[in-house]
Amino acid sequence: MVASLRRFRWWRLAVLIILGIYFFGPLVAAFLFTVHNTRLHTWSFAPYGQMFGAAGFGASLRMTLWISLLTIGIVMLLMVPTMLAIHLRLPKARGIVETICMVPLVISPVALVAGVSTVLGWGLNNQGSWIFRLDAQLQSQSLPLILPLIDVVLVMPFVFRALDAGLRAVDIKTLVEASRNLGASWLLTTWRVVVPNLRTALLSGSILTLALVFGEYTVSSILGFTPFAVWIVQDGQGSGQLPIAVSLLSLLLSWVVLFFVAFAGSRRFRVSPASPTPVSSAVRSI
Amino acid sequence: MTALAPPHDVETTPPVTVAAPAPSRRTGSRSSWLALAPFVVYTTLCLGLPTWALIYESLRRTDPATQQTSFTWANLTTAWHGFYLTALWGSVKLSLITALISVIVGLIAGYAIVTSRGTVGKQLVLALSGVLANFGGIPLAFCFIATIGTAGEAVNLVHKVAPDFALDTFTGVVAVYPYFLVPLMVLVIVPTLEGLRPQWREAARNLGASTWQFWRYVGLPVLAPALLGGFVLTFGGAFAAYATAKALTGGTVPLITLRIASVISGNVLAGQENVGAAMSINMIIICGIVMAIYLPLQKRSARWLQA
């Protein structure tokens with residue numbers, strides 16, 4: 001028994017070591033790559049400093065920040081009333097809303113952007129009309145409004161699940177009824193009762209959105225815009241260390257954030273990290 | 001019956017009070033349907049319209065000479081032939097291989113996690129899997145380029161084992177995809193492995209079953225829906241991936257996502273947009289089949305977890 005147990009442990013140790021090398025090796029190697037000059041055998045953290053001075057860094061970062069803010073704003077304004085409605089009044093509509101929210105998992109971003117670019121192409125056909133002006137506005141190079149509009153669709157599955165878990169965790173029906181009986185309007189109830197109780201859900205939904213927008217490459221690059229994720233690649237073709245340094249930093253930053261969400265989420269809502277939220281999202285930004 | 005009758009007569013007023021809120025509830029439900037209106041309008045415009053555009057464009061063809069447009073099945077049949085079929089087949093092959101690798105490795109890793117004793121470590125690994133499964137894309141591709149790309153830190157090590165290995169080929173992509181697919185598989189399989197009760201094993205042993213027999217007749221049948229579901233899900237993830245493959249290969253490996261992207265970005269002849277739309281429809285059909293297989297399987301394996 002003891003012998004079999006020991007053998008068992010060795011087996012597990014071997015698995016963990018191999019997986020550890022595969023999963024952490026590239027990160028360590030990438031870090032070494034950024035700080036080590038193989039020709040001169042010198043070590044320096046210069047690439048991490050150069051990043052801030054590189055051409056286009058500020059503009060692309062600003063664009064990404066704006067897109068994230070807009071995406072979070074739109075998706076929350078859209079989803080909070082919708083989720084509230086299906087939880088309080090319209091349980092019948094739940095199936096429909098959930099199905100619609102999960103559609104982006106079936107339509108891959110590449111296919112969705114193919115459709116979007118077709119629609120944008122139609123708009124440019126009739127010159128001078130309001131559709132043409134709207135279309136041009138949506139594709140403005142400094143702040144392409146089309147990107148937050150599409151990103152909202154892409155994050156819908158995750159925001160749906162985050163809010164759904166949040167609404168299940170508190171007895172939202174009683175709280176809302178109490179507030180309404182005391183004479184509060186729907187707007188006041190939402191703002192003073194619902195939003196504070198959904199704080200964690202709203203936060204984790206927003207952080208997931210932020211992480212997705214920061215890493216979103218497919219839609220932006222195909223439509224020809226240069227937010228942060230696209231800028232890394234564009235700038236990366238020539239010089240060696242800088243793009244690796246930037247992507248390493250952005251990767252670690254988003255991992256820290258997601259790790260926090262995974263832990264906060266599992267504690268607050270008793271959703272195990274194995275809940276469908278992280279699972280289905282792999283279809284996304286990759 | 002007669003004894004019950006008086007209370008009924010007495011309570012003639014409550015139905016009135018019940019009847020009073022009823023209309024307000026009805027108007028309330030009308031206004032709650034109204035609360036769904038922004039959602040419906042938004043998804044129609046940003047999700048429905050692009051999808052419809054794809055279907056419409058994939059069925060249309062503009063004659064380059066006369067500028068006349070007509071409806072045709074030609075785009076859809078073109079998208080199933082030659083150059084386009086190669087890309088579709090490349091994507092399917094890549095997804096099948098990486099999904100198979102990820103299912104096997106994910107199962108072994110999941111088993112190692114479930115049978116380990118520490119709860120904190122288990123939680124940590126699961127949270128880490130949730131993170132790793134999520135956001136690969138460009139940064140991940142760049143980390144691999146820095147590691148085993150042509151000038152990578154560890155490329156010499158890899159060349160000792162596989163002299164012909166290059167990251168910007170099909171094999172290179174196969175080496176990278178499990179990075180986000182294995183954690184995905186771990187997330188799928190761990191709840192099911194945890195549902196595999198030790199009592200079942202004890203019961204099987206008491207009835208004289210060997211380890212192999214236990215796995216053959218109890219373990220695997222219980223795990224089968226989750227394994228198949230994980231396979232389908234990782235297949236879908238690999239199939240839809242674009243950024244990683246693009247950054248690794250620059251578009252040289254024939255994959256359907258890369259092909260669609262180059263068509264939309266206008267790197268090809270005019271008139272190809274319709275074929276691009278048709279390829280996208282193909283992709284949606286395959287992803288739809290994947291989801292249609294996955295969802296019932298998930299329900300089935302969920303049954304074991306509740307028990």
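So, chain B: 16 helices and 2 strands. This is a predicted model, by the way, so keep that in mind throughout. Of the 307 residues in chain B, 41% come out as buried. And if you take the contacts in chain B with a separation of 6 or more, 76% of them join residues 24 or more positions apart.

Okay, chain A. Here we have 14 helices and 2 strands. Chain A has 286 residues, and 44% of them are buried. Do the contact breakdown again, with a separation of 6 or more, and residues 24 or more positions apart account for 75% in chain A.

Chain A also comes with a domain assignment. Domain 1 is 1–44, and domain 2 is written in two pieces, 57–106 + 145–281. How many residues does each domain put into the contact between them? Domain 1 of chain A gives 4 residues, and domain 2 of chain A gives 4 residues. On the domain 1 side, the classes are 3 nonpolar, 1 polar and no charged residues.

The model scores ipTM 0.78 and pTM 0.78. Chain A has a mean pLDDT of 79, with 85% of its residues at 70 or more. Chain B averages 79, and 83% of its residues score at least 70.

Two stretches deserve a flag. In chain B, residues 1–27 stay under 50 in pLDDT, and the model gives that stretch 0 contacts beyond four places in sequence. In chain A, residues 268–286 stay under 50 as well, but here the model has 62 contacts beyond four places in sequence.

On to the interface. How many residues of each chain are involved? It's 71 residues of chain B in contact with 72 residues of chain A. Which element of chain B gives the most to that side? Helix α4, residues 37–58, with 12 residues. By class, the chain B side splits into 49 nonpolar, 20 polar and 2 charged.

Let me zoom in on one residue from that helix. B:Cys46 sits in helix α4 of chain B. Is B:Cys46 buried or exposed? Buried, because there are 23 other C-beta atoms within 10 Å, and the cut-off for buried is 20 or more. As for partners, leaving out residues up to four places away in sequence, B:Cys46 touches A:Leu149, A:Ile150, A:Val152 and A:Val153.

For a view from the chain A side, look at A:Thr218, which is placed in helix α11, residues 218–223. Why does A:Thr218 count as buried? Because A:Thr218 has 29 other C-beta atoms within 10 Å, again to be read against the cut-off of 20 or more.

What does A:Thr218 touch, if we skip residues up to four places away in sequence? Within chain A, the partners are A:Pro109, A:Val110 and A:Val113. Across in chain B, they are B:Tyr242 and B:Ala243. One distance to go with that: A:Ser142 is 76 residues from A:Thr218 along the chain, and their C-alpha atoms are separated by 18 Å.

B:Cys46 shows you helix α4 of chain B and its contacts to chain A. A:Thr218 has contacts in chain A and in chain B. That's it from me.

Methods:
Residues numbered from 1 in each chain as written. Chains lettered and ligands numbered in written order. Predicted model: local features only at pLDDT ≥ 70, side-chain atom pairs only at ≥ 80, totals over all residues. Contact = placed C-beta atoms within 7 Å. Helix = DSSP H or I, 4+ residues; strand = E, 2+ residues; numbered from the N terminus. Nonpolar A, V, L, I, M, F, W, Y, C, P; charged D, E, K, R; others polar. Buried ≥ 20, exposed ≤ 12 C-beta atoms within 10 Å, placed from the backbone. Domains from an automatic or database assignment. pLDDT = per-residue confidence, 0-100.
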